[in-house]
Amino acid sequence: ELDRLKSEGMDIAYYSRIIVNLSYDIDDEIWTQLAQADTEGLPTLDMTNLETLYQQHQEAYAELTKALADPEQVKTIWPDDSSSESQAELYGTAVEDVNTALDNFMQAARSQADYSSSYESYTYQVSFLVDLYNSVISG
């Protein structure tokens, strides 16, 4: 599916899928570490793999933001001129919210602070983006 989206020049759909896939990888990494922790309470996370995934997310986010600003790319997803700008803006806000929530989580986890609420916010924003993607882009 990713290869098809990329080859068809559907950058908004392609980079959205990359971000969603990376969010699942980030979630898996966190839960793997939590399952292996031998402490009571919230453990300190090993940030090595999370930093790599975060960097990949930032690269995909930059590309997706660029695609959302390109009127030709927007038309591939929202061909109706009358609503394409507002639809792209709504979707862009959801993408930005995911990025902001991930930034907040990473800052908390890096500083060994309580990252539970920022993680919860991140998973909520990803869930919202997935729902929006499924209804607007792949629907």
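Predicted model: local features only at pLDDT ≥ 70, side-chain atom pairs only at ≥ 80, totals over all residues.
Modeller: Before we look at any pair of helices, keep one definition in mind: a crossing is left-handed if the near helix is turned anticlockwise from the far one by less than a right angle, and right-handed if clockwise.

Biologist: How should I read a pair of packed helices, and at what angle do α2 and α5 pack?

Modeller: In general, two packed helices are described by the angle between their axes and the distance between the axes. Here, helix α2 packs against α5 at an angle of about 25°, and their axes are 12 Å apart. Because angles under 35 degrees count as roughly parallel, α2 is roughly parallel to α5. Their crossing is left-handed.

Biologist: Which residues of α2 and α5 make the contact?

Modeller: From α2 come Ile-12, Ser-16, Ile-19, Ile-26 and Ile-30, while α5 brings Tyr-91, Val-95, Val-98, Leu-102 and Phe-105. By class, the residues of this contact of α2 with α5 divide into nine nonpolar, one polar and no charged.

Biologist: At roughly what angle do the axes of α5 and α6 cross?

Modeller: The axes of helix α5, residues 81-110, and helix α6, residues 116-137, cross at roughly 155° and come within 8 Å. Since angles over 145 count as roughly antiparallel, α5 is roughly antiparallel to α6. The crossing of α5 and α6 is left-handed. In the contact of α5 with α6 there are 18 nonpolar, five polar and one charged residues. Among those in α5 are Leu-90, Val-98 and Phe-105, and α6 supplies residues including Tyr-122, Phe-128 and Leu-132.

Biologist: Which residues are buried in α3?

Modeller: In α3, the buried residues include Leu-50, Leu-53, Tyr-54, His-57, Tyr-61, Leu-64 and Leu-68. Among the elements that cover the buried residues of α3 are α2, α4 and α5. The length of α3 can be checked too: at 1.5 Å a residue its 21 residues should span 30 Å, and its end C-alpha atoms are 30 Å apart, which agrees.

Notes: Residues numbered from 1 in each chain as written. Heavy atoms only, no water. Axes fitted to C-alpha atoms, helices over the stretch in contact; angles between N-to-C directions. Helix = DSSP H or I, 4+ residues; strand = E, 2+ residues; numbered from the N terminus. Parallel < 35°, antiparallel > 145°, perpendicular 65-115°, else oblique. Contact = heavy atoms within 4.5 Å. Nonpolar A, V, L, I, M, F, W, Y, C, P; charged D, E, K, R; others polar. Expected span 1.5 Å × (residues − 1). Buried < 20%, exposed > 50% of the residue type's maximum accessible area, 1.4 Å probe, protein only.
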